Amino acid sequence: MTADAHLPVLLCQAVDALEIASRLDGTFVDATFGRGGHSRLILDRLGARGRLIAIDRDPDAIRAAREIRDPRFVPVHVRFSELQATLDALRTDGVEGVLFDLGVSSPQLDDPRRGFSFRLDAPLDMRMDPSQGTSALEWLERADEAEIREVLNNYGEERFAKQIAKAIAAARRGGTLRRTGELAAVVAAAVRTREPGQDPATRTFQALRIHVNQELEELSLTLPQALAALKPSGRLVVISFHSLEDRIVKNFMRGAARPAVPERLPLRARELPAPKLRIVGRPVRPGAEEVRANPRARSAVLRVAEKLA
């Protein structure tokens with residue numbers, strides 16, 4: 001696989017869930033363009049008067065998006081938490097569907113310049129947009145041991161967070177913590193046991209990446225915007241890759257699928273406010289064949305909800 005190659009997970013299932021055939025001339029949002037696998041399939045199915053807005057915070061992804069020459073296609077370089085502002089700027093009055101494919105893409109993981117992977121020695125960066133924000137190295141240089149431990153606990157669910165934080169603090173004082181390979185070695189020395197088949201550094205790298213990019217905060221901010229932007233019967237389609245983000249998506253959809261009733265307020269059934277979403281089907285996971293072809297798909301979960309009138 002080349003640095004620019006990316007095999008989207010649950011590609012057909014996610015695009016099928018948008019139900020484009022029943023709204024061919026509608027407006028859709030691919031809120032995580034990546035390398036455009038979902039966008040290209042959406043464009044294949046979209047009508048001549050349809051419109052697809054593609055969002056990504058990664059400059060490399062936007063460069064790839066601008067190679068698509070299609071008058072129905074509009075790429076925008078922003079965080080997806082800026083969804084509503086983007087739609088307002090484009091004078092878009094409601095959309096028929098919003099698709100999120102969360103997590104990192106294969107080109108990000110496989111490009112050593114980006115510093116996402118412990119398998120490739122590189123500067124410790126991990127930013128989705130290298131032109132903005134604080135890199136993993138910059139944060140590790142200024143965070144105290146307690147902050148590091150908290151991030152590893154909260155975002156990596158790392159049971160050895162205390163030992164790893166202590167080892168990172170020691171390596172930092174010795175000036176040996178500037179590259180991904182150095183961080184992976186520090187973690188491996190601090191973690192003597194791990195689940196079969198999992199590198200000791202997996203949870204640490206996940207936690208730092210999530211923290212540096214504020215991924216969970218971004219997701220929590222954008223889901224209500226996506227719901228507000230949807231027209232009645234519009235679809236919200238989300239692919240998650242780890243339990244923390246999937247929990248946010250699941251709780252948001254479940255919450256919006258229940259009537260919002262103030263506590264201790266006696267109401268008759270007919271007086272209950274209508275829920276905003278209807279959950280569509282059960283969560284979808286990749287089949288064995290897809291996981292064999294793309295091992296990064298193994299943890300994916302697809303959830304779909306439809307906006308109610």
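Leaving out neighbours within four places in sequence, serine 135 is in contact with Leu124, Asp125, Arg127 and Val212, contact here being heavy atoms within 4.5 Å. Serine 135 sits in the loop between α5 (106-110) and α6 (136-142); helices (H or I, at least four residues) and strands (E, at least two) are DSSP runs, numbered from the N terminus. With a relative accessibility of 7%, serine 135 counts as buried, where buried is under 20% relative accessible area, exposed is over 50% and partly exposed is in between (1.4 Å probe, protein chains only).

A word on the ground rules. The model is predicted, and local features need pLDDT of at least 70, side-chain atom pairs count only at pLDDT 80 or more, and totals for chains, interfaces and linings use all residues. Residues are numbered from 1 along each chain as its sequence is written, and side-chain values use heavy atoms, with hydrogens and water left out.

Now the sheet. Seven strands form an open sheet with mixed pairing, in the order β3-β2-β1-β4-β5-β7-β6; two strands pair if DSSP finds at least two bridges between them. The edges are held by β3 (73-77) and β6 (277-279), each with a single partner strand, so one side of each has no neighbour in the sheet. From one strand to the next, the twist averages 20°. As a general point, strands of a sheet pair through backbone hydrogen bonds, either parallel or antiparallel.

At the β6 end, three bridges pair β6 with β7 (residues 301-307) in the antiparallel sense, and arginine 278 has glutamate 306 of β7 as its bridge partner. Strand β7 also runs antiparallel to β5, joined to it by six bridges, with valine 238 standing opposite arginine 303 of β7. Seven of the seven residues of β7 are buried, so the strand is largely enclosed by the rest of the structure. Both of its faces are covered, with Val301, Arg303, Ala305 and Lys307 buried on one side, and Leu302, Val304 and Glu306 buried on the other.

Over at β2, isoleucine 55 is part of the strand and counts as buried at 1% relative accessibility. Not counting residues up to four places away in sequence, isoleucine 55 touches Val29, Asp30, Ala31, Thr32, Phe33, Val76, Val78, Arg79, Phe80, Leu83 and Thr86. Its C-alpha atom is separated by 8.8 Å from that of glycine 34, which is 21 residues away along the chain. Helix α2 (residues 37-45) lies across β1 (27-30), β2 (51-56), β3, β4 (95-101) and β5 (230-240), and runs at about 175° to β2. Axes here are lines fitted to C-alpha atoms, for helices over the stretch in contact, and angles run from 0 to 180 degrees between N-to-C directions.

Among the helices, α7 (residues 145-156) and α10 (residues 202-213) pack at about 95°, with their axes 8 Å apart. The two are therefore roughly perpendicular to each other, a label for 65 to 115 degrees, with angles under 35 counting as roughly parallel, over 145 as roughly antiparallel and the rest as oblique. At this contact Val151, Leu152, Tyr155 and Gly156 of α7 meet Arg203, Thr204, Gln206, Ala207, Ile210 and His211 of α10. These residues divide into five nonpolar, four polar and one charged; Ala, Val, Leu, Ile, Met, Phe, Trp, Tyr, Cys and Pro count as nonpolar, Asp, Glu, Lys and Arg as charged, and the others, Gly among them, as polar.

Histidine 242, in the loop between β5 and α12 (243-256), is buried with a relative accessible area of 13%. Setting aside residues up to four places away in sequence, histidine 242 touches Gln206, Arg209, Ile210 and Leu216. Leu216 is also one of the buried residues of α11, along with others including Glu215, Glu218 and Leu219.

Most residues other than glycine have a negative phi. Arginine 91, however, has a positive phi near 55°; it lies in the loop between α4 (83-89) and β4 and is exposed, with a relative accessible area of 79%. Glutamate 157 also has a positive phi, near 45°. Glutamate 157 belongs to the loop between α7 and α8 (161-173) and is partly exposed at 38% relative accessible area.
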